[in-house]
Amino acid sequence: QVQLVESGGGLVQAGGSLRLSCAASGLTFGSYAMGWFRQGPGNEREFVAAITWNPFAYRHALPYYADSVKGRFTISRDNAKNTVDLQMNSLKPEDTAVYYCAAERGFPNLEALLAPDKYDYWGQGTQVTVSS
């Protein structure tokens with residue numbers, strides 16, 4: 001049974017930082033690209049960041065970011081621990097949302113990384129609230 005469990009959400013003031021973590025189990029972690037999405041009140045689920053894994057490529061892991069978080073958020077993965085983290089700095093009130101971890105099998109292209117319906121597994125989400 002595949003499980004993705006997010007942690008690290010909470011309440012933070014604007015300008016502050018949070019680090020989200022997602023622990024995966026029940027899957028071959030190195031066979032999946034990992035993504036973070038978020039969904040604010042009344043909004044659709046939107047792409048935040050993703051990181052691929054290709055052991056045959058020169059750069060095994062490639063990160064991708066939404067324009068709205070580029071330069072503020074950093075995604076990383078630890079294949080030995082089956083975890084993917086999202087370091088969030090310079091947080092803004094508009095970052096307030098439930099953040100979800102997701103896993104997509106294989107070597108998806110950018111279009112597939114951006115699309116929630118392409119992901120195979122999802123976590124339950126963790127709330128991030130940024131106060132002004």
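Predicted model: local features only at pLDDT ≥ 70, side-chain atom pairs only at ≥ 80, totals over all residues.
Local features are given where pLDDT is at least 70, side-chain atom pairs count only at pLDDT 80 or more, and totals for chains, interfaces and linings use all residues. Residues are numbered from 1 along each chain as its sequence is written, and side-chain values use heavy atoms, with hydrogens and water left out.

**Overall fold**

The protein has eleven strands and one helix, in the order β-β-β-β-β-β-β-β-β-α-β-β from the N terminus. Helices (H or I, at least four residues) and strands (E, at least two) are DSSP runs, numbered from the N terminus. The radius of gyration, taken over C-alpha atoms, is 14 Å, which agrees with the value near 14 Å for a compact globule of 132 residues; the globule rule is 2.2 Å times the number of residues to the power 0.38. Along the principal axes, the C-alpha atoms fill a box of roughly 45 × 30 × 25 Å.

Of the 132 residues, 42% are buried, meaning under 20% relative accessible area; exposed means over 50%, and partly exposed lies in between (1.4 Å probe, protein chains only). Contact means heavy atoms within 4.5 Å. Of the contacts between residues at least 6 apart in sequence, 62% join residues at least 24 apart.

**Nonpolar core**

A nonpolar core is a set of buried Ala, Val, Leu, Ile, Met, Phe, Trp, Tyr and Cys residues joined through side-chain atoms within 4.5 Å. The largest one has 35 residues, and M34, W36, V84, L86, M88 and Y99 have the most contacts inside it. At least two core residues come from each of β3, β4, β5, β7, β8, β9 and β11. Leaving out residues up to four places away in sequence, M88 touches G16, S17, L18, L20, R72, F73, Y99 and V128.

| Residue | Relative accessibility | Class |
|---|---|---|
| T126 | 12% | buried |
| N82 | 22% | partly exposed |

T126 lies in strand β11 (residues 126-131). Its side chain reaches the backbone nitrogen of G9 at 3.3 Å. Beyond four places in sequence, the residues touched by T126 are E6, S7, G8, G9, L20, A97, V98 and Y99.

N82 sits in the loop between β7 (73-78) and β8 (83-88). A23 is 59 residues from N82 in sequence, yet their C-alpha atoms are 6.0 Å apart. Setting aside neighbours within four places in sequence, N82 is in contact with C22, A23, A24, L27 and F29.

Methods. Polar contact = N/O pair within 3.5 Å; in protein donor to acceptor, adjacent residues only side chain to side chain.
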